[in-house]
Amino acid sequence: MTLSIREQRENLERTMLSPSACLASQSRGRQWEEPECSIRTCFARDRDRILHSKSFRRLKHKTQVLLLPEGDHYRTRLTHTLEVSQIARTIARALRLNEDLTEAIALGHDLGHTPFGHIGERILDKLARSHALEGFHHATQSLRVVDVLERDGKGLNLTWEVRMGIVQHSKGQVSVKSGYNLDKPSTLEAWVVRISDSLAYVNHDTDDALRAGFININELTDDEKKLIEIPTSDRIEAMVLDVVKNSTENEIRLSDEMLSQIEELRHFLHERVYKPCNAQEEVKKVQHIITELFMYRLEENEGNAREAVDYISGMTDRFAIDFFQKHFVPEPFVQN
């Protein structure tokens, strides 16, 4: 009997990948059964479903750190996702893990993010809690997107491994009541994405902050200069090599020295970039927009807070602003 291309690929995984890798042929399956693809493995199929989803396309107009960046070279939530995917795939390949699974998790990890970045997330979290919901976190919302909201409420019917990797990518503020094990991801591939997410943002946020003028080299101490003057590509390469060198068959990890450097860089960004961004007058405007949109959706849908959260979290920055202007800003009278 002739094997399908998918079955041949699954056989290759058994011989080529690490014993610690998650094999497509051993997936725990989907939420509901469906026929297998004759060409793609289940994880490759999940990757493609995420890539072709509306939620993925909307990431290009969602804030990463800088609100509504007008320059062509600033990161958005989409470019962040692609950089996470690139780093994660490199690490997975070096460790002989399942690259398709890794890429699917990476591409889907931020699908549930709000407009206006983490500022929008914090505001929506408070609104959700004030209306009897457990709160809002983009990781659990990303899982809700692929399980429920995509394809007009049908969901993408992804594999268990991809779904768990998405919700476990951030220890963050996901409710302990969720039942998801956030301390140790379900697969090494999910663990790779979690680390890659951190490596991506500390590097590209530094790059964007320098470009935007949030960081003035002349105002830094000698130690701070040493921390950020390393070219981004060199710093990413050093971090990736460190992960590959120090990971084991049971754990994806950084060396203590590299982890200390990353924490130092993260603290620097918090003080020099994230705090100034959050202190801007624009934050008050974002709060006003999201709050008004939330209350508007509540009134439209007879107090359904869950629907309001889903609708607003799916908005892009510019759609949220356009929606607000349409419903809350009067149009000038024009005489014919």
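Predicted model: local features only at pLDDT ≥ 70, side-chain atom pairs only at ≥ 80, totals over all residues.
A residue counts as buried when its relative accessible area is under 20%, as exposed when that area is over 50%, and as partly exposed in between.

A search of the whole structure returned 5 aromatic pairs. One of them joins Y296 and F323 in an edge-to-face arrangement, with 5.7 Å centre to centre and 75° between the planes. Y296 belongs to helix α13 (residues 281-300) and F323 to helix α15 (residues 317-328), so this pair ties together parts that are 27 residues apart in sequence. The relative accessibility of F323 is 10%, and F323 therefore counts as buried. Y296, at 21%, counts as partly exposed.

A further pair is formed by F324 and F328, whose rings are stacked at 5.1 Å centre to centre with 25° between the planes. Both residues lie in helix α15, 4 residues apart, or about one turn of the helix. F324 has a relative accessible area of 14% and is buried, whereas F328, with 32%, is partly exposed.

Through ring pairs, Y296, F323, F324 and F328 are linked with Y311 and F319 into a cluster. Y311, a member of this cluster, also has an arginine over its ring: the charged end of R297 sits there, 3.7 Å from the ring centre. A charged end is likewise placed over a ring at W160, where that of R28 sits 3.8 Å from the centre.

Methods. Residues numbered from 1 in each chain as written. Heavy atoms only, no water. Phe/Tyr/Trp six-rings, centres within 6.5 Å; stacked < 30°, edge-to-face > 60°. Helix = DSSP H or I, 4+ residues; strand = E, 2+ residues; numbered from the N terminus. Buried < 20%, exposed > 50% of the residue type's maximum accessible area, 1.4 Å probe, protein only. Lys NZ or Arg CZ within 6 Å of the ring centre and 35° of its normal.
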